[in-house]
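Let's walk through this model together, one region at a time. Keep the sequence and the 3D view open as you read.

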Amino acid sequence: MAIAVPKRRLGRIGRPGAGREALVGYGFVAVPMAVFLLFFIYPMGYAVYISRYDWGILGPLSNLGWKNYSTLYHDTLFRRAIKNTLEYTAWVVPAQMALGLLLAIVVNQKIRFRTFFRGAFYFPSLASSAAIAAIALYVLNINGLFNKIFGFNKAWFFDSKTALPAITGINAWTTSGTMMLFYLAALQAIPTDVYEAAAIDGAGPWRTFWKITFPLLKPGHFFVAVVSIIGAMKVFDQMYIISRGTGGPDYATYSIVLDIYNTAIKDARLGLAAAMGVVLFVVIFTLTILQWLFFGRQEAA
């Protein structure tokens, strides 16, 4: 005769091996979390700690409290660095997003040598930024190839009015390949049936793009914008190479990270440099939250 087992008792027994699988899962999660805490969270907290000291090469010299932040508030050079970085971000982010979207649309079509074009468009993102900056110095020199082709007579990197726009153009071209990959993944996630319905309704390519493709790319726009702004706010290598670390001409290319480098490495004022890093983190975090409030939260809802 069969013995009836209460349902409550069956629920307590559970599936055999479930506890072991849970432990293995927690083990896999613990490793990246430990790396994240050790190499990201701890350095951030330690930077806040250092920023409250007059910290030299050999360690703390004196406790300044929040005086380093007050010094930054009255530092005209640091304010100039913030202005340059924000101006650079305001120009380069829309440029690389638009160029990346254009390239993604091109390589998403059924064209010949599509794989080759995908690799060719992405190649500048793989190239060394130092090599690209060195080539740009030669091409945009007063006797460079760019001036000879278009008939200009200007040293683009040595004029305070054109130095930052020139770097903006170079970086927009360099990073557009990475943005192309992000947009290409978002384009391929759009269902094909919506395009079939648009074709049945007689919508042309331009109308299909603005009414279907562009609105459905909102999650991709949000992700690409966040990544682009974070990268733009941390610009350093091209600014350093082209200006030789001075941020010239007339501090037109002086960025926040370049100011942090000069303060920490050249002046050995590690506490003040850490305060700059904290301010940069707050600015990036604030911009990311604002983007999420205006764009990302709508997609999550």
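Where does D250 lie? D250 sits in the loop between α12 and α13, where helices (H or I, at least four residues) and strands (E, at least two) are DSSP runs numbered from the N terminus. Before going further, a word on the ground rules: this is a predicted model, so local features need pLDDT of at least 70 and side-chain atom pairs count only at pLDDT 80 or more, while totals for chains, interfaces and linings use all residues. Residues are numbered from 1 along each chain as its sequence is written, and side-chain values use heavy atoms, with hydrogens and water left out.

D250 is not a glycine, yet has a positive phi of about 55 degrees. With a relative accessible area of 56%, D250 is exposed; here buried means under 20% relative accessible area, exposed over 50%, and partly exposed in between (1.4 Å probe, protein chains only). R244 is found in the loop between α12 and α13 as well, and its phi is positive too, near 60 degrees, in a residue other than glycine. R244 is exposed, at 75% relative accessible area. P249 also belongs to the loop between α12 and α13, and a cis peptide bond, with omega about 0 degrees, joins G248 and P249.

Now turn to the empty space in the model. Rolling a probe the size of a water molecule over the atoms shows where empty space is left. The largest pocket holds about 380 Å³ of space. Of the 23 residues that line the largest pocket, Y88, Q96, T175, G231 and A232 are the closest to its centre. Two or more lining residues come from each of α4 (76-107), α5 (114-126), α6 (129-139), α8 (163-188), α11 (218-233) and α12 (237-243). The largest share, five residues, is given by α8. As for how the pocket is defined, a 1 Å grid is laid over the protein atoms alone: a cavity is a set of points where a 1.4 Å probe fits but cannot get out, whereas a pocket is an open set with protein on both sides within 12 Å along at least five of seven lines, and lining residues have an atom within 4 Å of a point. Grid points are joined across faces, edges and corners, and a volume is the space filled by probe spheres set on the points. What is the lining made of, by class? It has 10 nonpolar, 11 polar and two charged residues, with Ala, Val, Leu, Ile, Met, Phe, Trp, Tyr, Cys and Pro counted as nonpolar, Asp, Glu, Lys and Arg as charged, and the others, Gly among them, as polar.

Next come the charged pairs. Side chains of opposite charge can pair when their charged atoms come close. The model has two salt bridges, each a side-chain nitrogen of Lys or Arg within 4 Å of a carboxyl oxygen of Asp or Glu. One joins E87 and K83 at 3.5 Å, N to O. These two residues are four apart in helix α4, so about one helical turn separates E87 and K83. E87 is partly exposed, at 33%. The other pairs D159 with K154 at 3.3 Å, N to O. D159 is partly exposed at 22% relative accessible area, and K154 is partly exposed at 28%.

N68, in helix α3 (residues 67-73), is buried at 6% relative accessibility. Its side chain reaches the backbone oxygen of Y53 at 3.1 Å, a polar contact (a pair of N or O atoms within 3.5 Å; within protein, one must be able to donate a hydrogen and the other to accept it, and residues adjacent in sequence count only if both atoms are side-chain atoms). Leaving aside neighbours within four places in sequence, N68 is in contact (heavy atoms within 4.5 Å) with S51, R52, Y53, G271, L272 and A275. T208, in helix α10 (residues 205-216), is buried at 12%, and its side chain reaches the backbone oxygen of G204 at 2.6 Å. R114, in helix α5, is partly exposed at 30%, and a polar atom of the R114 side chain lies 3.3 Å from the backbone oxygen of Q109.
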